[in-house]
Structures are given as C-alpha cells and as structure tokens.
Amino acid sequence: MTTFFASHAWLPSGVARDARITVHSGRIAAVETGARQPGDVPLPGLVLPGFANTHSHAFHRALRGRTHEAGTFWTWRERMYAVAGRIDPDSYFAMARATYAEMALAGVSAVGEFHYLHHAPDGRPYADPNAMGHALRAAAREAGVRFTLLDACYLAGGIGQPLSGVARRFGDGSAAAWARRVAALAADESSVIGAAIHSVRAVPRTALPEVVEVAEGRPLHVHLSEQSAENEQCLAAYGVTPAQLLADAGALGAQTTAVHATHVTDADIALLGGAGSTVSICPTTERDLADGIGPSRRLYDAGAPITLGTDQHALIDMFEEARALEMHERLATGQRGRFTPAQLVAALTGHPALGWPDAGRIAPGLRADLVAVRLDTVRTAGVDPAQAVLAAFAADVDTVIVDGRMIVSGGRHVLGDIGELLRSAMP
C-alpha cells in the first residue's frame, strides 16, 4: 500500500489542495485531504487522472515529419500505404512499443488501437492470423499502458471497389472470416478486445450487421464522415449519409465511438446524440490533413460524449489535443469558452469508450492511474491549477502511474531513451 501526496489534485469535485491518494493492488483505496504524512510519496504540481488516447494507428508514427508539406488526404494516404507495405510483426512491435511509450510520457494510461494492418504484404494471413494484433498488445504491455485492440473489419477499397495493392493486407475476405479471426483473440488483465468498422467505404452495407453482432458487449469504433467525399459516395451508393447507414444497421449506441465526425449533418448529430454514441475528436490530425473543424460542441450538446485521440501521431500531446478542441471551436464560432477546463479533462479521460469504465477519475475503487504535471516550468509557472489543461504540454508531465505502477518518473520512461527507441524503430 502506497500513499501519494499531491499539493493539487483534480478530483471529481474539482481541484483540491493537499490530497492524499492511497493505492493498493493497483486501485485507489482512499482519497482524503490533509497535511502530508511521514511515508507519503510526493507527486509534483497538479495530479490528474490518467489520459485515454481513444484513437491510434501506431504505424502512422513513421509518417511524422515526412508527409506534412502539401497534398491532400488522398495523397497522404498513398504515403501511408507505402509505410504499411514495409511492416511485419517484429517491426510492428518495435514501432508500437516506442509509440506507446511516447504516449505514456504524455500522460496516456490507456490506448485504443484502431487496427487494420492484419496480414502479410501479399494479403495472405501469417501462420498466426493475429500475429500483428499480438505484437501490438505485447508492445503496449512493455510500454506500461493498458490496451484496447479495436480490430477493424476492412473489406473494400471504396464503395463497390475491391481491395488492391498494399490494402490487401487489411482485409479478411468477408465479415465472417474477420469474425472468425477476432474470435481467437481474448482479453486479459491489461487488454480489452473491441471491434471496428473501418468506414462505410471499407465495409459494405450488407456486412455491417455481422460486425455489429460480433461487437455486442464490447467497444465498437468507426471512422465517420472524416472527408466530405465519403458522404458524397455514401449518398450516391445508398441514398443516405454514413451516420444514417450505421444507424440503419444497428451500429450506433452507447458502446459505439464515431471517430472524427467532421462532416456530419444536423440529422447525423441528432442520431449520434440520441444514441449516446461517443465521438473521438483528433484535432491535430484533422488540421494536419486539412479535414476541417467538426461540430464538437453541437455533438456534445446533443448527448454525444467527446473523447480525444492522436490518430496519425503528427503530434503526441494530449494537452494539445484538448486545447485544440477548444481553440478550433473558437475559430469556427468566434466565441471563447466553448468547453470548460472540466469538460476538457473529461475528454482527456474517456476510458469508458475503450472498455475501461473503472478508470478516468481519482476516486476510491477505481484504477490507480495518476499523471503529475509540473507547475514550475517555463510553460506552467504561475498558472491557476484549474486552468493548467489550457497551458501545459506533454513536456510538463513528470510522473505517470498506471494501475498503481510508476512507468514515468522525472519525465523519464522506465524503458529509457524513447527517442532512440523511436529512431531505431522507423521502417
């Protein structure tokens, strides 16, 4: 049993001074306020709950600093495919381990990996059809973060188009074959097995109900209306928007997370909010790819919880994702304060969307995920702790504890030099 002492802690009731957080067997046993006691382990600055990165493509980390100069989403995708063609289970493990460790340095305690890089470059399964998924899970375990594998059904190269080229790696041939492969995966104490519909472009309407059936009782994620072209193609093929297509297939609900939702209509917003579906906003990716600014506040007001993801990892800084959520809203509406600091922290801690409902708050009985953010750096010195989420950066994270285990201390990960791990893992 260990008691951590925080001069400031983000509790469910707000920022508290002089908080003592007792941890036992990976859980928070007690939270109280009062003077530091002998034996308490001090944590610097402001202590927040661990962050949930609800949308990740680990291999996209190899694209950082190589794809930003010009082009469109579609030209970017061709470069992404080129990287995808060079990865095998061993190199995927190395890349993912370093990427997840970088996330840990940024305060992430749980990651949702939207996984579609399934098979060998020629499209044939490895001897173990889930070799790539197992590599990802092993990588997260070594990096010290909890892991949700969102195994994506990916059957088409576009509506009515076959998979071709490197994209053959993504597909299982049919929803039934995908379901059989996913059935061989099992959750454990540090991982959840979820499901994903890559997009309505990649999963035909006739296959959607089978994916929904497999996802019953587990997280289901889907790329939704990231590009206006997706909406146009869906309307031309099916006569409805992507959100309506998903709703008709029973794919929207409280277990569902729609990723991006940048170009949803008013009716789509009502569908997502009415179903209680979560929306994962990925601001640094959406701005890098010139996707646009989605209606985040309107989705929130309609009843859709908002979470955050780093997606293609142009940047891994959860504070910047939260700050950008608010700042993009300011740019789009001309109004400040669209999301309060408390609402931004809630977006940072969307663990239920990843199948971890017992995480995301500093409260007795919940998982002991703690992030200590320094309040004495050149970025944070003098800030009001209650507004630190709008001032801090990943570089200000000092200590990260996941399920009671300290994986970052003094800004250093237990694996050592993560920059070197990233450099050596580049495919």
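Me: Is Asp 311 buried or exposed?
Reply: First, the ground rules: this is a predicted model, where local features need pLDDT of at least 70, side-chain atom pairs count only at pLDDT 80 or more, and totals for chains, interfaces and linings use all residues. Residues are numbered from 1 along each chain as its sequence is written, and side-chain values use heavy atoms, with hydrogens and water left out. Buried means under 20% relative accessible area, exposed over 50%, and partly exposed in between (1.4 Å probe, protein chains only). Asp 311 has 4% relative accessibility, so Asp 311 is buried.

Me: Where does Asp 311 lie?
Reply: Helices (H or I, at least four residues) and strands (E, at least two) are DSSP runs, numbered from the N terminus. Asp 311 is not a glycine, yet has a positive phi of about 50 degrees. Asp 311 lies in the loop between strand S12 (306–308) and helix H11 (318–333).

Me: Which residues is Arg 201 in contact with, leaving aside neighbours within four places in sequence?
Reply: Arg 201 lies in the loop between strand S8 (191–197) and helix H5 (208–214). Its relative accessible area is 11%, so Arg 201 is buried. Contact means heavy atoms within 4.5 Å. With those sequence neighbours left aside, the partners of Arg 201 are Trp 74, Arg 77, Ala 156, Gly 158, Ile 159, Glu 230 and Gln 233.

Me: How far away is the nearest cysteine sulfur to Cys 153?
Reply: A disulfide is a pair of cysteine sulfur atoms within 2.5 Å. The whole structure has zero disulfides. Cys 153 is in none, and the nearest cysteine sulfur, that of Cys 234, is away by 16 Å.

Me: What is the relative accessible area of Cys 282?
Reply: Cys 153 is buried, with a relative accessible area of 0%. Cys 282 is buried because its relative accessible area is 0%.

Me: How many nonpolar residues are in the contact of H2 with H3?
Reply: The axes of helix H2 (residues 89–105) and helix H3 (residues 131–143) come within 8 Å and cross at roughly 35 degrees. Axes are lines fitted to C-alpha atoms, for helices over the stretch in contact, and angles run from 0 to 180 degrees between N-to-C directions. Ala, Val, Leu, Ile, Met, Phe, Trp, Tyr, Cys and Pro count as nonpolar, Asp, Glu, Lys and Arg as charged, and the others, Gly among them, as polar. The contact of H2 with H3 has two charged residues, no polar ones, and nonpolar ones numbering 15.
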